[in-house]
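Subject: The model, and what turned up in it

Hi,

Here is the structure I promised to pass on. Have a look at it first, and then read my notes below.

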Amino acid sequence: QMSLSPFLTFAVQAKHSEVLKDTQATISCVVSGLTKQLDAVKWEKPDSGGDITHDVGGFKIAEGTYQDGSDSQTTILTVPASVNVADAGYTCVITSSEHKKVADKTTVNSNVFTITPVAMDATDSVDQTLTCNIGDVTQAVDVTWKDKDDSPITDGQGGYTFAKGRLMVAIFRHQL
């Protein structure tokens, strides 16, 4: 009696990130279709900038371990805030003897965005419109406004009204 195991297809899924410029980012590669630990995992800097070494230059690499339940392994790269100043494509490099893959490369994007409050002089004699520009985003973002005590302000609370602008601008009005 022969036992047949299900056919597993090798695949690498890039898990991109989008964070505020100058903050730490975490990106990963999920390698599926495995029946054992990968033989080798490494990460490369953008534009063929060379190999990344764990704990050098603030980078952290977690190679991950084989997960029997999902037939997968996830490798994680932590990009330090000091390096995360512009959109960049890092490369996870996978070697799997099981699938005859040697230095199989997948690009994972670490994207950054910026927030620029629009400067203004405010008075309490008329309604005020405050504007915050959010730039370099690749998808719509949610914005939270906070008061001077760092408490979130909700739309309609205490005379505040919010207007979500074209993908990148958040505005709120308040009768001061």
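To start with, is Ser-28 buried or exposed? At 11% relative accessibility, Ser-28 counts as buried (buried means under 20% relative accessible area, exposed over 50%, partly exposed in between, with a 1.4 Å probe and protein chains only).

Before the rest, some housekeeping. This is a predicted model, so local features need pLDDT of at least 70 and side-chain atom pairs count only at pLDDT 80 or more, while totals for chains, interfaces and linings use all residues. Residues are numbered from 1 along each chain as its sequence is written, and side-chain values use heavy atoms, with hydrogens and water left out.

Back to Ser-28, which sits in strand S3, residues 25–32 (strands are DSSP runs of E, at least two residues, and helices are runs of H or I, at least four, numbered from the N terminus). Setting aside residues up to four places away in sequence, Ser-28 touches Gln-13, Ala-14, Lys-15, Trp-43, Thr-74, Thr-75, Ile-76 and Val-108 (contact means heavy atoms within 4.5 Å). One of those, Ile-76, is also the bridge partner of Ser-28 in S6. S3 and S6 run antiparallel and are joined by eight bridges (two strands pair if DSSP finds at least two bridges between them).

Asn-84 is 59 residues from Ala-25 in sequence, yet their C-alpha atoms are 7.3 Å apart.

S6 has another partner: S5 runs antiparallel to S6, with three bridges between them. Lys-60 stands opposite Thr-78 of S6 there. As for cover, six of the eight residues in S6 are buried.

Now the disulfide. A search of the whole structure finds one (a pair of cysteine sulfur atoms within 2.5 Å). Cys-29 and Cys-92 form it, with their sulfur atoms 1.9 Å apart, and the link is left-handed, at -90 degrees about the S-S bond. Cys-29 lies in S3 and Cys-92 in strand S7 (residues 88–96), so the pair ties together parts that are 63 residues apart in sequence. Both cysteines are buried.

There is one aromatic pair too (rings of Phe, Tyr and Trp, the last by its six-membered ring, pair if their centres lie within 6.5 Å; planes under 30 degrees apart count as stacked, over 60 as edge-to-face and the rest as tilted). Phe-59 and Tyr-90 form an edge-to-face pair, 6.1 Å centre to centre with 65 degrees between the planes. Phe-59 is in the loop between strand S4 (40–44) and strand S5 (60–62), Tyr-90 is in S7, and the two are 31 residues apart. Phe-59 is buried at 6% relative accessible area, and Tyr-90 is buried at 2%.

Finally, the core. The largest nonpolar core has 22 residues, and Ile-27, Trp-43, Ile-52, Leu-77, Val-79, Tyr-90 and Val-108 touch the most other members (such a core is a set of buried Ala, Val, Leu, Ile, Met, Phe, Trp, Tyr and Cys residues joined through side-chain atoms within 4.5 Å). S3, S4, strand S6 (72–79) and S7 are the elements that give two or more residues to this core.

Cheers
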